[in-house]
Amino acid sequence: MSHANRLQLVSFKVCPFAQRAAIALQEKQVAYETEYLIPGEEQPDWFKSISPLGKVPVLVVNGTPVFESAVILEYLDEVYAPQLHPADPLAKARQRAWMEMASELFGKQYQMVTAKEQAGFETAHKELQAGLERVAAALSTELPFFNGEIFALVDVAFAPLFVRLNLLEQAFNLNFNTHPRISTWSQALLAKASVQNSVVSNFEEVFMLFLKKSDGYLVNNL
Ligand SMILES: N[C@@H](CCC(=O)N[C@@H](CS)C(=O)NCC(=O)O)C(=O)O
């Protein structure tokens, strides 16, 4: 029944929050269409009418808009198999909390790449590293994902961060793989087909263009 839904994901090509929804849709092999808007531009009225916060992602399900990436993930997980959240309420609550931490680190990553001055860059970089250390301490000791062997919704929530950190490491003098458990997790996430297929095929180019346009300390100095 649910498979007859018409799903439309309203997205920005560079948005990590929107990428989360795309990963979950790919992981669950659900058919969907993507409508890309351009960040920083005046958005069309139809978008304003479905996005009360003026943000992507919005998942439109048979005409009904659902906003906020974590809510979209939870909706998809309730409707489409395989279930990615743990069934146990306490385990699930803990994962939801760490998903919120992922959102916080998206913010640090954004501040780091867009900071105009060295001080702003260094503060965001330090806070991002410290955040990754806290996440590392919460990871299962079993490999490779957050909970060990089983890929979960919390992994979906973090994956866009590692996609960006990996590109930043390749392009600049930066290293975020300072913790072995984070490295293993990051590599496992980047190897997933659902993660690779969740962005446009020229994502690296799109991301680098975004960095150039941001004209921050990072692109000009590292
Ligand atoms: N809490 C929101 C955050 C979404 C968000 O910040 N989206 C950004 C793009 S990555 C956005 O649409 N910003 C508005 C704009 O740039 O005009 C979520 O999890 O979906």
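These legends accompany several close-up views of a predicted model.

View A. Around the ligand you will find Phe12, Cys15, Pro16, Phe17, Gly54, Lys55, Val56, Pro57, Glu68 and Ser69. Sorted by class, this shell holds 6 nonpolar, 2 polar and 2 charged residues.

View B. A polar backbone atom of valine 56 lies 2.9 Å from a nitrogen atom of the ligand. Turning to side chains, an N or O atom of glutamate 68 is 2.8 Å from a ligand nitrogen atom, and an N or O atom in the side chain of serine 69 is 2.7 Å from a ligand oxygen atom. On its own, the ligand has 500 Å² of accessible area, and the protein covers 71% of it.

View C. Proline 57 belongs to the loop between helix H2 (45–50) and strand E3 (58–61). Both Val56 and Pro57 are among the residues around the ligand.

**View D. The cis peptide bond at proline 82.** Another cis bond runs from alanine 81 to proline 82, and here omega is near -5°. To find proline 82, follow the loop between helix H3 (69–79) and H4.

View E. The whole structure contains 12 aromatic pairs, one of them formed by tryptophan 98 and phenylalanine 146. This pair is tilted, with 6.4 Å from centre to centre and 50° between the planes. Tryptophan 98 sits in helix H4 (residues 89–114) and phenylalanine 146 in the loop between helix H5 (118–138) and helix H6 (153–171), so the pair ties together parts that are 48 residues apart in sequence.

View F. Look for glutamine 29 in the loop between helix H1 (16–27) and strand E2 (33–36).

Notes: Residues numbered from 1 in each chain as written. Predicted model: local features only at pLDDT ≥ 70, side-chain atom pairs only at ≥ 80, totals over all residues. Heavy atoms only, no water. Near = heavy atom within 4 Å. Polar contact = N/O pair within 3.5 Å; in protein donor to acceptor, adjacent residues only side chain to side chain. Areas by Shrake-Rupley, 256 points an atom, 1.4 Å probe, with all protein chains shown as cover. Nonpolar A, V, L, I, M, F, W, Y, C, P; charged D, E, K, R; others polar. Phe/Tyr/Trp six-rings, centres within 6.5 Å; stacked < 30°, edge-to-face > 60°. Helix = DSSP H or I, 4+ residues; strand = E, 2+ residues; numbered from the N terminus.
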